[in-house]
Amino acid sequence: MSKAYELEGTLKEVMELKTFPSGFCKREFVVTEDDDRYPQDIKLAMVKNNCALLDGVKPGDRVRVTFSLRGNLYQGRYFTDLQAFKLEKMEPDGSSSEPIPQPADDFPVDTISDDDMPF
């Protein structure tokens with residue numbers, strides 16, 4: 001199983017849902033990590049049923065995202081993805097509110113094969 005990482009910051013942007021002919025879907029979003037002197041805009045992605053987790057948040061919300069690193073080789077090029085699988089909305093004091101409910105038929109991150117990657 002891959003290692004999980006966490007990121008806290010402000011939700012900057014949520015992109016449109018992308019659905020591919022294979023049935024695979026992906027939704028990207030950007031979180032601004034502003035705990036440092038130079039804020040960083042970090043792009044992450046939700047895939048398959050987890051895309052619905054982004055419906056409960058809007059730009060400007062403080063969030064905590066749990067994600068894993070994913071990588072693959074496609075047509076001679078290497079790609080890296082930060083694939084999110086858990087999203088919590090944060091309260092202004094830094095505590096987390098109720099976590100956004102996970103989709104009913106959630107799947108482990110390791111069940112995603114490289115064949116599902118749309119690039």
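## Reading strands, burial and ring pairs

Tutor: Arg64 has a relative accessibility of 15%, so this arginine counts as buried. Keep in mind as we go that the model is predicted.

Student: Why does 15% count as buried for Arg64?

Tutor: Because buried means under 20% relative accessible area, and the value for Arg64 is 15%.

Student: Where does Arg64 lie, and which side chain makes a polar contact with its side chain?

Tutor: Arg64 belongs to strand 5, which covers residues 62-74. Its side chain makes a polar contact with the side chain of Glu8, at 3.0 Å.

Student: Let me step back. How many helices and strands does the protein have?

Tutor: There are 0 helices and 7 strands, and the pattern along the sequence reads β-β-β-β-β-β-β. Of the 119 residues, 36% count as buried. Contacts also reach along the chain: taking those between residues at least 6 apart in sequence, 55% join residues at least 24 apart.

Student: Which strands pair with strand 3?

Tutor: Strand 3 (residues 25-33) pairs with strand 1 in the antiparallel sense over 4 bridges. Here Leu11 stands opposite Val31, and Glu13 has Val30 as its bridge partner. Strand 2 (residues 18-19) is also antiparallel to strand 3, with 2 bridges between them; Lys18 is partnered there by Lys26. Strand 4 is joined to strand 3 by 8 bridges, again antiparallel, and Lys26 has Val47 as its partner in strand 4.

Student: Is strand 3 mostly covered or mostly exposed?

Tutor: Mostly covered: 8 of its 9 residues are buried. Beyond its neighbours within four places in sequence, its contacts include Leu7, Leu11, Ile42, Leu44, Val63 and Val65.

Student: Which residues touch the most other members of the largest nonpolar core?

Tutor: That core has 16 residues, and those touching the most other members are Phe29, Val31, Leu44, Met46, Val65 and Leu87. At least two core residues come from each of strand 1, strand 3, strand 4 (40-47), strand 5 and strand 6 (77-90).

Student: And aromatic rings: how many pairs are there?

Tutor: A search of the whole structure finds 2 aromatic pairs. In one, the ring centres of Phe20 and Phe24 are 6.0 Å apart and the planes meet at 40°, so the pair is tilted. In general, the distance of the centres and the angle of the planes describe such a pair.

Student: Are Phe20 and Phe24 buried or partly exposed?

Tutor: Phe20, at 26% relative accessibility, counts as partly exposed, whereas Phe24 is buried with a relative accessible area of 3%.

Student: What does the accessible surface of the protein come to?

Tutor: About 7300 Å², with 50% of that belonging to carbon and sulfur atoms.

Terms used:
Residues are numbered from 1 along each chain as its sequence is written. This is a predicted model: local features need pLDDT of at least 70, side-chain atom pairs count only at pLDDT 80 or more; totals for chains, interfaces and linings use all residues. Side-chain values use heavy atoms; hydrogens and water are left out. Buried means under 20% relative accessible area, exposed over 50%, partly exposed in between (1.4 Å probe, protein chains only). A polar contact is a pair of N or O atoms within 3.5 Å; within protein, one must be able to donate a hydrogen and the other to accept it, and residues adjacent in sequence count only if both atoms are side-chain atoms. Rings of Phe, Tyr and Trp (its six-membered ring) pair if their centres lie within 6.5 Å; planes under 30 degrees apart count as stacked, over 60 as edge-to-face and the rest as tilted. Two strands pair if DSSP finds at least two bridges between them. A nonpolar core is a set of buried Ala, Val, Leu, Ile, Met, Phe, Trp, Tyr and Cys residues joined through side-chain atoms within 4.5 Å. Contact means heavy atoms within 4.5 Å. Accessible areas come from the Shrake-Rupley method with a 1.4 Å probe; for residues, only the protein chains shown count as cover.
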